[in-house]
Structure formats: C-alpha cells, structure tokens
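I opened a new notebook page for this structure. My plan is to look things up one at a time and write down what I find.

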Amino acid sequence: MVKLNTEAFAARVVLLDLDGTLVDTAPDLAAAANHVLQKLGRAPAEMPVIRGFIGNGVRELMRRALAIQSDPSAEELDAAMVDFSQYYGAHLLDHSVIYPGVRGTLEALQAQGRELVCITNKAAAFTVPLLQRLGLYDFFGLVLSGDSLPRKKPDPLPLTHTAEHFHQPVKNCLLVGDSRNDTQAARAAGMPIACVTYGYNGDEPVHCLEPDAVLDSMRELLDILA
Ligand SMILES: O=C(O)COP(=O)(O)O
Ligand SMILES: [Mg+2]
C-alpha cells in the first residue's frame, strides 16, 4: 500500500467502482463478447485484450471487440448488443468472483457507520442482479450504474450526485476505483481517490494516474481512513 496524500481520509461516504475493484468480472465479459464474435464467424479476443476494453460500459466493450476486425456501424453494434446482453445476462456469474478482502472490508466499513455506494459504468440491468446474487447489494445505500444518470464516469456527475444525496461535501467522500475513468471523475469532482492495483487499467500501472492512495488489497482501505 502506498499513501501518496498525507491526510487521513474522513470518508463518511465510500464510493466503490464495480468491475476490477469489487468483482473480477472480466472472464464472463470476455465470454459474452467472444460469444458474439464467434456467432459472426470471427476469432475470439484474448483475455488481456478484453480486460483492456472494460470500464466504459458494455456497449463500448463490444464496440472495441468488433473493431479488432473493423469498426462496426451503429446497426451492427445494436445487433451485437442484443446477443451480448442475452448471453451476459444468462452468464453473469459463471466465472466472476469477488476479490479477496472485499466482503470483510465492506462489513468493517458498514460497522464504522460509513455510507457505501457502488458507482459503475456497467448497465443497471447487469449491475443489480450481479450485486444481488453475490450478496453485496444490501451493503449499498445507493447504486449508480452507467445508465442511471445522464452522464457516466469519467464525468464527475455520479460522484457529485452521491455527495449531494448524502448531504456531504465531496472532500468527505472517497472513491475507490481501478482505472483512468475513476481518477478523472474524482479529479473533476474534487473528490479524493484510492486506486487498487489488481483491476483493469490496461498496461498502465495505477500509480501513473496519481491517485491519493494505491491499494494492493481492499483490506488496506481500512488503514487509510480516519
Ligand atoms: O465497463 C463497465 O461495464 C463497467 O466498468 P466499471 O465498473 O469499472 O465502471
Ligand atoms: Mg473498474
């Protein structure tokens, strides 16, 4: 763990990213994207490639997977999303797992009286059943998906909306994420951010994003909070 900012984070509200932060969803996202590619007679994309496509919502993931061969038209992408959604919705948790230390840390944060919020760019149709089936949903006083508000990360709106929802200044909140979209949204909102090292940020190590703290495990979150 590296704490780059010397102040302890008050963090009455802890906002947690989903994919790559709470849950390792890449195997099932890859299977769904590859199901579509296979149906189109194309070669499957490798896991590290798909991991690099995660974080901007499932439509962007599918668009990038199709673009490996050629940029899809809007109609081609719409058709691919019908197949993707059907497959992914039926296989949300075939291989996806909660990262080590996440459940225990959420329990500890809740016991400390902090508000917990899930902020993801994943569509709500997938976010809610995924959190429910993993037994995580009830930890959160608010869940904001990629299609819950007019704009998603890296826009600061989901973060500022959360602070207003809980009547807290943004500096009393902390976002925990894994990617550039998370750090950009946090900086634009003026909210502190911690990044986990195990998630999906392509080939770029998260310390290059200059977060306020870098966590090798979610458990380390408990050490940086006041
Ligand atoms: O790209 C997605 O579907 C979700 O990504 P996020 O949970 O990391 O915001
Ligand atoms: Mg993420």
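**Entry 1: a term to start with.** Before I place anything in a loop, I need to know what counts as a helix or a strand. Helices and strands are DSSP runs, a helix having at least four residues and a strand at least two, and they are numbered from the N terminus. I also note that this is a predicted model.

Entry 2: Pro154 sits in the loop between β6 (142-144) and α7 (157-165). Which kind of peptide bond joins Lys153 and Pro154? I found a cis bond, with omega about 15°.

**Entry 3: a positive phi.** Next I looked at His167. This residue is in the loop between α7 and β7 (173-177). His167 is not a glycine, yet its phi is positive, about 55°. Most residues other than glycine have a negative phi.

**Entry 4: the domains.** I then checked how the protein is divided. Domain 1 covers 2-24 + 96-223, and domain 2 covers 26-90. Their C-alpha centres are 25 Å apart. To the contact, domain 1 gives 15 residues and domain 2 gives twelve residues. I sorted the side of domain 1 that touches domain 2 by class. It has four nonpolar, seven polar and four charged residues.

**Entry 5: the ligand.** How many residues surround ligand 1? I found 14. The closest are Leu18, Asp19, Thr120, Asn121 and Lys122. By class, four residues of this shell are nonpolar, six are polar and four are charged. Where does ligand 1 lie relative to domain 1 and domain 2? Both domains give residues to its shell, so ligand 1 lies between them.

**Entry 6: α1 and α3.** I turned to helix packing. Two packed helices are described by the angle between their axes and the distance between the axes. Helix α1 spans residues 26-39 and helix α3 spans residues 58-67. Their axes come within 10 Å and cross at roughly 50°. That angle makes α1 oblique to α3. The crossing of α1 past α3 is right-handed. From α1, I listed Leu29, Ala33, Val36 and Leu37; they meet Leu61, Met62 and Ala65 of α3. Seven residues of this contact are nonpolar, with no polar and no charged ones.

**Entry 7: α3 and α4.** Helix α4 runs over residues 74-90. It packs with α3 at an angle of about 115°, and the axes are 10 Å apart. α3 passes α4 in a right-handed crossing. On the α3 side, I listed Val58, Arg59, Met62, Arg63 and Leu66. On the α4 side, I listed Glu76, Leu77, Ala80, Met81, Phe84 and Tyr88. This contact has eight nonpolar, no polar and three charged residues.

**Entry 8: α1 and α4.** What is the angle between α1 and α4? I read about 135°, with the axes 9 Å apart. This makes α1 oblique to α4. Here too I noted the handedness: α1 passes α4 in a right-handed crossing. Asp28, Leu29, Ala32, Ala33, His35, Val36 and Lys39 come from α1. They meet Ala80, Asp83, Phe84, Tyr87 and Tyr88 in α4. The classes are eight nonpolar, one polar and three charged.

Methods:
Residues are numbered from 1 along each chain as its sequence is written. Chains are lettered from A and ligands numbered from 1 in the order in which they are written. This is a predicted model: local features need pLDDT of at least 70, side-chain atom pairs count only at pLDDT 80 or more; totals for chains, interfaces and linings use all residues. A residue is near a molecule or strand if its C-beta atom, placed from the backbone, lies within 6 Å of it. Ala, Val, Leu, Ile, Met, Phe, Trp, Tyr, Cys and Pro count as nonpolar, Asp, Glu, Lys and Arg as charged, and the others, Gly among them, as polar. Domain bounds come from an automatic or database domain assignment. Axes are lines fitted to C-alpha atoms, for helices over the stretch in contact, and angles run from 0 to 180 degrees between N-to-C directions. Angles under 35 degrees count as roughly parallel, over 145 as roughly antiparallel, 65 to 115 as roughly perpendicular and the rest as oblique. A crossing is left-handed if the near helix is turned anticlockwise from the far one by less than a right angle, and right-handed if clockwise. Two residues are in contact if their C-beta atoms, placed from the backbone, lie within 7 Å.
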